[in-house]
Amino acid sequence: RVFWAWRHQLRLGILPASHFCNGHVYFVQKLPQLLGLHPFVVHPTFQIEGAVGKKSRFREAGLWLVDKDEYYSKGKYISYSGAVPPSVLMGAKAGLETHMRVTEYHQLAMRNAFALAKILDRIVILPRLLCYCDMYWGSPTLPDCITWGSDLTLPFECPADNIFNLPFWDWAKREWREYSFLDNPRVPDSVRLSRARVVLVPSQIRSGCGKGCSLHYAIGSERPEEPAGQPDPETGFSSANSASMLPLQMPSAMLATHSNETMVVNALKHFQHVRILEFVQSTADAFCGFDTNEKNIHFDQEMNAALNGIWCCAPEGNDIRRNAWVHLKEPDQKPGDGTLRHRKPPPLAREQSETGRGVIESPHCQYK
């Protein structure tokens, strides 16, 4: 429909949201995609992370065309699954509490993925992620976790900035790629077809690790023995393990859960030439720490900014819609502070105590 305005000197028209999309319609509800439509305009609104968040959403959708070819071809990569175990979901329906638990789990998986990438000199490719609560500034999504007036259905496949604080990643000098990176036609076959799969198996060394990793060992003492057998140069499997459990069409390796730096290097050293290492599962249980506490401290400091983030909400004012979620706030928050922070994973740096054999380490390596 077209209307006259400004004393009959200007024509105004109401444009259909399916073809002239705001950020929520296109990137969150994905209305044009569901209807098989190609919009004329996409405006990256309804997100709170500035230029970094907008660029990330355009990249995820394949609409950011100004990256140089090197963005798609340089370096080697590591990807991982965004699946969340039932123990985190706890059988609950979508909602804010479920979303905060899922976010905490993804924070741990992301931190470990960046640690693995640092060890292996690779770039992280983010996984597809499900959100269990929509977000927008000022909490217009509560109590139903759906932005008012939208047709969103929970849970939904969400942009990375709905879970992670991407500008903080930029400030922390983290390098990553969007979940749709390998679907982009600009990725050359020399990257896309060079893959190996990594499967996490229960640790044969750290099987006693409980929550918080109860295993203790001394720096300077002999490390526990590795499983018997030499790794096969083609598959990376130890002869003591059975490779029959994995598909044969892609080279594969096994990595023990809660591995340290040396274990990661040894398990994957035969795949240094492979451009993409695909972790079949989440990396939340993949990593327990670097080989020295100095490295752990340094990495914790590097990641501290990247792990800072909030779910939403304007810190000012009193909003009765937020009162029901006060138990999700951190103890140091003021009564009028309406933000809900993403809970950080335990640091890799370990509390240390002197013993006769050296320094005892208590790795904090498991999701709680």
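Trainee: What makes Tyr26, Phe27, Phe58 and Trp64 one aromatic cluster?

Mentor: Tyr26, Phe27, Phe58 and Trp64 form one such cluster because rings of Phe, Tyr and Trp (its six-membered ring) pair if their centres lie within 6.5 Å. The model is predicted, with local features needing pLDDT of at least 70, side-chain atom pairs pLDDT 80 or more, and totals for chains, interfaces and linings using all residues. Residues are numbered from 1 along each chain as its sequence is written, and side-chain values use heavy atoms, without hydrogens and water.

Trainee: Why is the pair of phenylalanine 114 and tryptophan 169 called edge-to-face?

Mentor: Planes under 30 degrees apart count as stacked, over 60 as edge-to-face and the rest as tilted. The planes of phenylalanine 114 and tryptophan 169 stand at 90 degrees, with centres 5.3 Å apart, so the pair is edge-to-face. This pair links distant parts of the chain, helix α6 and helix α7, 55 residues apart; helices (H or I, at least four residues) are DSSP runs, numbered from the N terminus.

Trainee: Why is the pair of phenylalanine 168 and tryptophan 171 called tilted?

Mentor: Their planes are at 35 degrees and their centres 4.7 Å apart, so the pair is tilted. Phenylalanine 168 and tryptophan 171 both lie in helix α7, 3 residues apart.

Trainee: How do you know whether tryptophan 171 is buried or exposed?

Mentor: Buried means under 20% relative accessible area, exposed over 50%, partly exposed in between (1.4 Å probe, protein chains only). Tryptophan 171 has 59% relative accessibility and therefore counts as exposed.

Trainee: What makes phenylalanine 168 partly exposed?

Mentor: Its relative accessible area is 21%, so phenylalanine 168 is partly exposed.

Key: Helices (H or I, at least four residues) and strands (E, at least two) are DSSP runs, numbered from the N terminus.
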